[in-house]
Protein chains: 2
Amino acid sequence: MNETLNSVLSISAVERETGLSKDVLRKWETRYGFPSPLRDNLGERAYPLAQVDRLRLIKRLMDMGMRPSRLVNESDENLNALALASQTPQAKVNDGDVEKLTLDKLRRQDPSGLRQLLYRELMRQGIQRFVQDTLTPLNHAIGEAWACGELSIHEEHVYSEAVQGLLRDTIAKLSDYQGTPRVLLTTLPDEQHGLGLLMLAAVLSLRGAYCISLGTQTPVQDIVEAAEAHRADVVALSFSNAYPQRRILPALEELRQRLDGEVEVWAGGAGCARLHSAPSTNFQLMPDIDQTLVALTRWQSAHQDQAEVN
Amino acid sequence: MNETLNSVLSISAVERETGLSKDVLRKWETRYGFPSPLRDNLGERAYPLAQVDRLRLIKRLMDMGMRPSRLVNESDENLNALALASQTPQAKVNDGDVEKLTLDKLRRQDPSGLRQLLYRELMRQGIQRFVQDTLTPLNHAIGEAWACGELSIHEEHVYSEAVQGLLRDTIAKLSDYQGTPRVLLTTLPDEQHGLGLLMLAAVLSLRGAYCISLGTQTPVQDIVEAAEAHRADVVALSFSNAYPQRRILPALEELRQRLDGEVEVWAGGAGCARLHSAPSTNFQLMPDIDQTLVALTRWQSAHQDQAEVN
DNA sequence: TCAATCTATTTGTCCAGGACAATTAATGAA
DNA sequence: TTCATTAATTGTCCTGGACAAATAGATTGA
């Protein structure tokens, strides 16, 4: 059932490696003629590595908003060209050019140098500016560098580990058990990107909130239970661009329904930025940190009286 | 296509929430008559929450080695009884009974108290004993407490966040860029449990190895690239009990094949303990930390000469 | 009695190909 | 141009059948 020698993968292996579901892989095959896997002696699909690489690249581009029919039958060169072309020219230039230095450290495989660099920036700017002015554009830049092949995925992993370590450390030091509101942070299953979450937690902690982080990929049921157990005032979710757009609102609706009415639902992350529809009053979309801070301030002043009563 | 109101979930939602694949959900339905989802107006399966809870419990028990046919048609009471019965009476009693204290902190929703407790233990025992004598049985205990419903999943999340934070911190302080061997640590896709990885990294760092952590769920292709880029001497993978047994060896074989022959492959974690078969010379299984340390010592003495030559 | 080999059952994964709603693109009217 | 309607695209779901790998049970030999 599995890839016997080297150089071919089973359909479930490809699903795991590319993030494209088995159904999608099979449909593309009949609809577009790509991928066109070999068959093993059992008649089961066996994908050559070259095709898997190509699928990975296509997935990248799709996460950036392109459509499969455009991509699937394009030549390899055109595909790479598209990846390059889709780079957003980043207007914002960092003072000191942290971006270049970061990329440099990553390419030289120097994680401790990277950690040092980031720590220095954090100390120089303070948490909030660091997160907003340095980390946010930096994440962007890293993501794009990866998307057009300038950086390999493991270098991105190293980056994200470094940032996570730094932020966790910072949050732990700021954490105040008595803080308000009590914010529960996590992502839904299928959403693995926890970086935004940590950035949020850092800024919120700084402003006096008490953050409970559940890490990534928490099933809805568990979120509901956790919110109750921790007596959370707010449940904050993060959605990256990779999260399927059309699932965001339904998921929020469902969560909203299952949570106690007193608990607010905040949704942040780049995935929310593209949502134009239904600014429901049941929950709040906050594509950037600023808006989250506005919400925080609103919450804190709205609950001031109550705090005095207690 | 999605759960309209509350109280029912689509098949893909259930897949996400329980970890049981769509294929399995459908097969169980025809084979065992459970689950028996409703149908929405489109004829698509709609799983009531009660059934999802039951599936979750069944999955828990299966991860502990039971078989579905035994479980699926059992009454709810029997299922719970089974969960309780399957607890391994933990012979090892910790001095000071850290276990009880930890459970207590978790139940009282006191993460900072927990962190303090763990930190104190770490300082008292030193890293290696802390990891081996405290953390390992503690993980066990927490896992079991969760499996029989004494602890909810979010409490487990809180525990794991606390431990991770502590370990990351420790590792960062020990990290020596010049250390040998250079060990790349990660898990394969589908394996989310990164705790063992961190424990390993802590102990290895202490013994002078240089650890590069990629976090969890790295596709094989990326592991191969990362190993090359970081000039890793060893790739260490971790498998929990939840990882499908039968996939472990093929996955290791594949990785072995795609990696440079010089690079060693180490596989650790509870998931390996049950593997009796094929002690291949191509890679090493190390169900506990002790064996990993043996391997480390072996590596270091085998490469001593070489180090002197360089 | 215990261990090892063989057989039967269980179980997860895969396949084909059809259906359909939701999304996105294209078209025409105001 | 802008909005609304129609057409194409695309992901997900469905059924029901096939099969190998894993496991349990039975049988045999020491």
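How far does helix α14 of chain A reach from its first C-alpha to its last? The answer is 20 Å for its 14 residues, 289-302, close to the 20 Å expected at 1.5 Å a residue (that is, 1.5 Å times one less than the number of residues). Helices here are DSSP runs of H or I with at least four residues, strands runs of E with at least two, numbered from the N terminus.

A quick word on ground rules: this is a predicted model, where local features need pLDDT of at least 70 and side-chain atom pairs count only at pLDDT 80 or more, while totals for chains, interfaces and linings use all residues. Residues count from 1 along each chain as its sequence is written, chains are lettered from A in the order in which they are written, and side-chain values use heavy atoms, without hydrogens and water.

Back to α14(A): A:Ile289, A:Thr292, A:Leu293, A:Ala295, A:Leu296 and A:Trp299 are buried (under 20% relative accessible area, 1.4 Å probe, protein chains only). Seen down the helix axis, they fall within an arc of 160 degrees, so they line one face; the arc is taken from the directions from the axis to the C-beta atoms.

Now for the chain pair. In chain A, 50 residues are in contact with 50 of chain B, contact being heavy atoms within 4.5 Å. Two salt bridges are counted between the chains (a Lys or Arg side-chain nitrogen within 4 Å of an Asp or Glu carboxyl oxygen). One pairs B:Arg168 with A:Glu161 at 3.1 Å, N to O.

How values were computed. Buried means under 20% relative accessible area, exposed over 50%, partly exposed in between (1.4 Å probe, protein chains only).
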